[in-house]
Amino acid sequence: MQRLCLAAVTFCAPAMADTSYPLKAHEAPDFALHAIAGGNVRLSEHRGDVVILSFWGSRCTPCREQLAALNRTLATYRSAGLQVYGINVDDDQTRALAYAHGESVTFPLLLDPEKSVSRSYQVDNLPMTLLIDRNGVVRNVIRDYNAKSEELFLQQLRALLNE
Amino acid sequence: MQYVLSFMKAWSRLLLLCAFLSVPAASFAQAATKPKAPAPAAAPAPAAVAPAADAPPSTDAAPAADAATAEAAPSAPDAASPPPDTRGLDQEVQGLKKDVVDLNRELFVLEEELLFPANTQVAVFVSMDVGDFFALDSVTLKIDQKEVINYLYTPREVEALLKGGVHRLYLGNLKVGKHELVAFFSGKGPNDRDYKRGATLKFEKGIGAKYLELKINDRQRKQQPEFEVKDWE
């Protein structure tokens, strides 16, 4: 029975993950963005770490829930080499700043006012979360946030951290 | 034309080497795995990083291990025989890998020479000294009124600049004649205030590569940073 369940999860997982994302299995486009807390962040400086990029907007409620969940995930896996970045895509940055100051998110929230990074990552849904492996390759994308997708996401994250 | 020919020649050499490399690598892998007994099916799975203890330990693992050892037993005399010496093969593979790396470097240089020929090449570098009065955040570069790059510096990059590093900010092509370069430096100035300053240089591009340096210095007397564009003749 256990084997059956395991096989079901193994076969269902790729089906639930989005296979149509064009950047999947390709090198993640490099970028440098301003962080709300100050300083700049460049993706290529984090080769060797597993990186989660989460595109979010301050009007999107699931985005906020996901950022809180990512905060918990980071607290658990930081020591295993995990980096999390939230990339804000709001036109009006004051809402993003208000959110950043109000919430106790421990990872850097980055601003993408010109949407150049969002365009290069072909963001078509919010929240949209990317998993990037230690070699800088996009391994998976999750275009939705709910309990089911979070569980799947954590499975994939653990697999990447174990690689 | 000469560059194109040598570029193509280098590419064909690289492809040939890759083809050669794949053959010994495969045979090496085969040789390395051949003498071994069949891998125990129930080798302990690598420990999950997380409380991945979600999956309970499988109870079917033990019988599988027994079966594997039972299968491996008749092949015990094979395992006792000395493994073939693969050191020579390994050295050969390492040599080929080195050749690939050398060729790759050669290709990079050729590509750069093709894209940025010496007679039109312009390179702009950034350097920083001391940095007590200025914490660099970004540099925007305009050549002939046209923005060519806007580069954000991360704390690591700034640290590298402060240690004496020089960053190649821009590499491009310009025709012979007079040109104007404007650089805007953004960051935190004295007393942690937002600070933005510009520096301009009018220069003449002749035949041959042109190298320009954007220097950020501290001026102790004025307690202010100083921005300078230096033309390397």
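# Why the terms apply: burial, faces, sheet and cores

User: Why does Lys230(B) count as partly exposed?

Analyst: Lys230(B) has 13 C-beta neighbours inside 10 Å. A residue is called exposed at 12 or fewer and buried at 20 or more, so with its 13 neighbours Lys230(B) counts as partly exposed. This is a predicted model, and the count is computed from its coordinates.

User: Where does Lys230(B) lie, and which residues does Lys230(B) touch beyond those up to four places away in sequence?

Analyst: Lys230(B) belongs to strand E8 of chain B, which spans residues 224-232. Leaving aside residues up to four places away in sequence, Lys230(B) touches Leu212(B), Glu213(B) and Lys215(B). Tyr211(B) stands 19 residues from Lys230(B) along the chain, and their C-alpha atoms are 8.7 Å apart.

User: What percentage of the residues counts as buried in chain A, and what percentage in chain B?

Analyst: In chain A, 33% of the 163 residues count as buried, whereas for chain B the value is 9% of 233 residues. Chain A contains 5 helices and 7 strands, arranged along the sequence as α-β-β-β-α-β-α-β-α-β-β-α. Chain B contains 5 helices and 8 strands, and its elements run α-α-α-α-β-β-β-α-β-β-β-β-β from the N terminus on.

User: How do you know that E3(A) is mostly covered?

Analyst: The term rests on a count, since a residue is buried when 20 or more other C-beta atoms lie within 10 Å of its own, and in E3(A) 7 of its 7 residues are buried. The covering extends to both faces, with Val50(A), Ile52(A), Ser54(A) and Trp56(A) buried on one side and Val51(A), Leu53(A) and Phe55(A) buried on the other.

User: What makes E3(A) and E4(A) a pair?

Analyst: Two strands pair if at least two bridges are found between them, and E3(A) and E4(A) have 7 bridges, in the parallel sense. One of the positions concerned is Val51(A), whose bridge partner in E4(A) is Gln83(A). By the same cut-off of at least two bridges, E4(A) and strand E5 (residues 109-111) of chain A also pair, in the parallel sense over 3 bridges, and there Gly86(A) stands opposite Leu109(A).

User: In what order do the strands of the open sheet in chain A run, and why are E2(A) and E7(A) called edge strands?

Analyst: The open sheet has 7 strands in the order E2-E1-E5-E4-E3-E6-E7, and the pairing is mixed. Strand E2 (40-42) and strand E7 (138-142) of chain A each pair on one side only, and that is what the name edge strand records. From one strand to the next the twist averages 30°. Helix H2 of chain A packs on this sheet and touches E3, E4 and E6, its direction making about 165° with that of E3(A).

User: How do you know that the span of H2(A) is close to the expected one?

Analyst: Helix H2(A), residues 61-77, has 17 residues and reaches 25 Å from its first C-alpha to its last, against the 24 Å expected at 1.5 Å a residue.

User: Which residues of H2(A) are buried, and why are they said to line one face?

Analyst: The buried residues are Cys63(A), Gln66(A), Leu67(A), Leu70(A), Thr73(A) and Tyr77(A). Viewed down the helix axis they fall within an arc of 120°, so they line one face of H2(A). The face turned away from the buried side carries the exposed residues Thr61(A), Arg72(A) and Ala75(A). The cover over the buried residues includes strands E3, E4 and E6 and helix H5 of chain A.

User: What makes Leu53(A) stand out in the largest nonpolar core?

Analyst: Leu53(A) is one of the residues, among the 39 in this core, that touch the most other members, a group that also includes Val51(A), Phe55(A) and Tyr85(A). E3(A) gives the most to this core, with 6 residues. Not counting residues up to four places away in sequence, Leu53(A) touches Tyr85(A), Ile87(A), Leu130(A) and Ile132(A). A second, separate core has 18 residues, among them Met128(B), Phe134(B), Leu136(B) and Tyr153(B). In soluble globular proteins, nonpolar side chains tend to be buried together.

Key
Residues are numbered from 1 along each chain as its sequence is written. Chains are lettered from A and ligands numbered from 1 in the order in which they are written. This is a predicted model: local features need pLDDT of at least 70, side-chain atom pairs count only at pLDDT 80 or more; totals for chains, interfaces and linings use all residues. Helices (H or I, at least four residues) and strands (E, at least two) are DSSP runs, numbered from the N terminus. The expected span of a helix is 1.5 Å times one less than its number of residues. The arc is that of the directions from the helix axis to the C-beta atoms. Two residues are in contact if their C-beta atoms, placed from the backbone, lie within 7 Å. Axes are lines fitted to C-alpha atoms, for helices over the stretch in contact, and angles run from 0 to 180 degrees between N-to-C directions. A nonpolar core is a set of buried Ala, Val, Leu, Ile, Met, Phe, Trp, Tyr and Cys residues joined through C-beta atoms within 7 Å.
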